[in-house]
Amino acid sequence: MYSFLYYYLVLIFLLLVFFLLGASLCYIFRYRKIQPISAKSIFINFFVGMNFCISLFSLFCTQGLTINWLIVIIGFLYYYQTKEQRKDKLVLKTNRSVLYYIFIFLFFTLALFSFYYFFNYSIDTHCFRPIEIDNYFHAQLSEYLRKGYENTYFTLNLTNNANALSPYHYYEIWLSSLISIIPGGITLFSYTVVVPVIGLTIILFGFLAIIETQKKIAWYIPILILPTVLLSDLAIILHEYFSWMYYPTRLGGVINATKQNYMAVFFMAGVLFYLEKNWRALFYSQMMLLAVTTMAIPIVCGVTGCVLLECMIRNKAFMWSYTLPFVFLVFCYGLYTFICTKDGDIPMGIDKEIPWYKLRMLITIPLAQILKYFPYLFLIIILGSQEIRRFLGENKYPIIAFVAFPVVFSVVMRSVHPDADQFISCVYPAFFCIIIPSSILFLWTNKTKLSVFPKVAFTVVYCCMLIVSLLTNLYIMERKVLPISPERLNYEKRIINLVTLDKMDNIGIYSPNYIYKPSENIMSYYGAYTTYLNTVRNDIVYWQINKREHSIFGKVPYEFALEKNGNQFLNEDDFRMAFMEAKGIEYFFAWNDALPSDKFLKYFEIIYSDPQSGEILFKKK
């Protein structure tokens, strides 16, 4: 079920498909000649091929009702505006053979895949348990995307009660959905293990490309670069002294935080295009983030708009070739958002006052970033203090926008959605996990010679941060992964064996309240449920079989059906039975502190119960 070789071959196959498609598209539409193999060409081919596959697949599944139209539009605009340019601006300094890059490719993928595989799967207990609980939701969402529903309303789609789109970070979820069409795999396992490794592999080739623009890649460089994906900051330590200091609940920088992982891929593309001084590619690669995730909206629109405004003032020209596409793409995204919110039956969040007092983050956020990343800033200053001062002086207004727009947007949006803090907490780590290693690598490779003291200081600080990162990751792992008792494991295995035997697809959930139980990996929001059953089965549909005590995320199918039953004169127990029969539900989960009536339960028998959590599985007699 969790075959190491099978999933690794899936990973290799997908990356090769992306590479070949990207190389073909670049050959046809850009270069008209075969490009020599280099770290940069590998990154570009991966990047282009992945965007092409995800866009095409999402357009096919949704019949065009997808945010990924923006990627298609951006690709067309870039081709149209650069169709006369047929040469690569970046001079590559590499004499490495194709075999060398194949070896690096296998080294990166095998190392990263092994880490994710053995981190999430226990050989001793044969238990697969993702550390990030959101993976359950995102993996099941990828199955609904494949059915053509680009929203987060799950079973509402199956009853035609959610005929709507909804903004989200669909990019990496579409990639998971694409993987799920390959037979024989578990979607949750693919999303947890394969999807992040794809992104990190692409990022590592981006780091190599930075070195390669200046000098030949030494044999040991890939070994030194690999740990950069594990580097974390000092937030978890500083939080003990500064309570306002946010610290991550995920591993490392972008490790195991898949939605940050693919933001980082696009930031990596931006860094390479910036160093190449390919401003149009830089502009469009960052505008693509509008389609990748809603969390990047303030960064993309705010910083890009600020840069364009500054350039127009400095050059005393409107720069139509950039301004018009920028306005058009922002308009397209605004139109998409309007379409998403036009359905009044789907609430968009909570209604409360805007917490203006949180604008203090305009001061605390920059201070926090300086404190969190101080060791890395120290390394950058050692390597190039003059370059850093020059960069800050030339880009002071975009840097101000980089802080101001996400903070203000996050504060205002907190009156609409409880997760609005992610405009800060998810975007900044993804950005700094790219910009800091990239800056260090660029400055290091540009230094002709370093004295003894900078070399020693650099080595000591870098090694210390590797140790801190490792300890931070272990701490978060221990904090996030709750201990699984033998009783709980036996309960899950018995239920899983039953599910595998019966091959049931529809399962009921009786729960009057919002569920978020990490220890049992059962969660619900947006009218959607996921459970530990998703570790062994795909395409399970969970149906809530009772009303809820709140309406933050709207009604569930049961409540819609109950309203239609208003004139049928059925009591709720009889209606619940009729609803389960109509949906083909033979099993349902409940908890001993919130059970249905005895009249209803007499039609069911207890299959198994968990004394630790009070969870019970019932089956119709």
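1. Rings of Phe, Tyr and Trp (its six-membered ring) count as a pair here if their centres lie within 6.5 Å. This is a predicted model, and by that rule it has 64 aromatic pairs.

2. Start with F4 and F113. Their ring centres are 4.9 Å apart and the planes meet at 75°, so this pair is edge-to-face; planes over 60 degrees apart count that way. F4 belongs to helix 1 (residues 4-31) and F113 to helix 4 (residues 98-120), so the pair ties together parts that are 109 residues apart in sequence.

3. Is F113 buried or exposed? F113 is buried, with a relative accessible area of 0%. F4 is partly exposed, at 24%.

4. Now have a look at Y532 and F589. Here the centres are 6.3 Å apart with the planes at 70°, so this pair is edge-to-face. Y532 sits in the loop between strand 6 (528-530) and strand 7 (541-544), while F589 is in strand 8 (residues 587-591). The two residues are 57 residues apart, and the pair links distant parts of the chain. Both Y532 and F589 are buried.

5. Back to F4 and F113 for a moment: ring pairs link them into a cluster. Other members include Y2, Y6, Y7, Y8, Y117 and F189.

6. Finally, which residue lies over the face of Y322? That would be R280, at 4.3 Å from the ring centre. You'll find another case at F600: the charged end of R576 sits over its ring, 5.3 Å from the centre.

Methods:
Residues are numbered from 1 along each chain as its sequence is written. This is a predicted model: local features need pLDDT of at least 70, side-chain atom pairs count only at pLDDT 80 or more; totals for chains, interfaces and linings use all residues. Side-chain values use heavy atoms; hydrogens and water are left out. Rings of Phe, Tyr and Trp (its six-membered ring) pair if their centres lie within 6.5 Å; planes under 30 degrees apart count as stacked, over 60 as edge-to-face and the rest as tilted. Helices (H or I, at least four residues) and strands (E, at least two) are DSSP runs, numbered from the N terminus. Buried means under 20% relative accessible area, exposed over 50%, partly exposed in between (1.4 Å probe, protein chains only). A charge sits over a ring if NZ of Lys or CZ of Arg is within 6 Å of the ring centre and within 35 degrees of the ring normal.
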